[in-house]
Amino acid sequence: MTLTTQRLTTNGIEIAYETFGDPGDPPVVMVMGLGTQMIAWPDALCEQIAAGGRYVVRYDNRDVGLSTHLEEVRAPDIKAVALRRKRPAYTLRDMSDDLFGLLDGLGIERAHLVGASMGGFIVQTATLAHPERVLSQTLIMTSTGSRRVGQAKPRLIARLLGRREVLDRDAAIQLTVDTFRLIGSRGALFEEEHLRELAGRSYDRSHDPYGYLRQLGAIVAQPNRTRALTKITVPTLVMHGLHDPLVSPSGGLALARLIRGATFVGFSGMGHDLPPSLWPKYAAQILTVTAPPQ
């Protein structure tokens, strides 16, 4: 199918988005992670969810892809933000406001939300702020904001916090492959050709390493949601790779334990990525949690 990227202005920025399926069906909004464009939600996955009778909306967060890049805002020193000595360029609450602004622009009062990694932080923030607008939440490879769970393996910290440079296309693709060799899925679940294709498409759409740092500041400054999560009552699905070295499975397990009635689904061999062979399983799980009440 041919997709048309559309844009709307909200919260003082322009948001780029794409849709799949019938607008009359229940809406499912896909929120992506750190420095990652909406096309990382695979077309095939979005199409499978839409084929199940859902209206799928994916969008670029601020500072990534074709949405507004806050180039006039200096990226903060991440260590200073972590120590609470400096404020981030913006917060996860600002990013959740972008999400609700998108819903408002599309005339959607209530939606099912699906978030991966940082997108899961945004979805939790949105649900806590306006639970009346959330039909369900699916939280993939994400955590609670507590520093006691979901932490990256120490060898990955330097790579996560390091400043990124402007690279040419080939170097950017190779960096993506090298990174996912460290954080991605194991064995047959690791598909290098898929990663190279996605990295090339992402580079051609937009390459902005400084936007990544501004988003990272929002992550580092996030609050510990442990106590607040116990108040969530919307249907919740938690999916996590059991071999995720970047956001350890303890983060997903904590979410499922804290949120009333949440379902946890773990995938052996899955790391911090969305391997193609698991897309049908993700779609089936999302269709289940977003099914209308009987």
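Author: Let's start with a pair of strands: β3 and strand β5 (residues 111-116) pair in the parallel sense, with four bridges between them. Helices (H or I, at least four residues) and strands (E, at least two) are DSSP runs, numbered from the N terminus, and two strands pair if DSSP finds at least two bridges between them. Before we go on, keep in mind that this is a predicted model, where local features need pLDDT of at least 70 and side-chain atom pairs count only at pLDDT 80 or more, while totals for chains, interfaces and linings use all residues. Residues are numbered from 1 along each chain as its sequence is written, and side-chain values use heavy atoms, with hydrogens and water left out.

Back to the strand. If you find Val-31, its bridge partner in β5 is Gly-115. β3 also has a partner in strand β4 (residues 55-59): four bridges join these two, and they run parallel. Here Met-30 stands opposite Arg-58 of β4. To get from β3 to β4, the chain passes through helix α1 (residues 43-51), and this β-α-β crossover is right-handed. That means that, with the strands pointing away from the viewer, the path from the first strand over the helix to the second runs clockwise.

Now, how enclosed is β3? Five of the five residues of β3 (residues 27-31) are buried, so the rest of the structure largely encloses it. "Buried" is a relative accessible area under 20%, "exposed" is over 50%, and "partly exposed" is in between (1.4 Å probe, protein chains only). Both faces of the strand are covered, with Pro-27, Val-29 and Val-31 buried on one side and Val-28 and Met-30 buried on the other.

One of those residues, Val-29, turns up again in the largest nonpolar core. This core has 45 residues, and Val-29, Tyr-59, Leu-113 and Met-118 touch the most other members. A nonpolar core is a set of buried Ala, Val, Leu, Ile, Met, Phe, Trp, Tyr and Cys residues joined through side-chain atoms within 4.5 Å. As a rule, nonpolar side chains in soluble globular proteins tend to be buried together.

Take Met-118 as an example: leaving out residues up to four places away in sequence, it touches Met-32, Gly-33, Leu-34, Asn-61, Leu-92, Met-95, Gln-215 and Ile-219. Contact here is heavy atoms within 4.5 Å. There's also a second, separate core of 30 residues, and Met-32 is among its members, as are Leu-198, Leu-274 and Ala-283.

Thr-19 sits in strand β2 (residues 13-20), and because its relative accessible area is 19%, Thr-19 counts as buried. Its contacts, leaving aside neighbours within four places in sequence, are Leu-3, Gln-6, Tyr-55, Val-56 and Val-57.

For contrast, look at two residues elsewhere. Asp-204 lies in helix α7 (residues 192-205), and its 52% relative accessibility is why it counts as exposed. His-207 is in the loop between α7 and α8 (209-220), and at 33% relative accessibility, it's partly exposed. His-207 and Gly-65 are 142 residues apart along the chain, yet their C-alpha atoms are separated by 7.7 Å.
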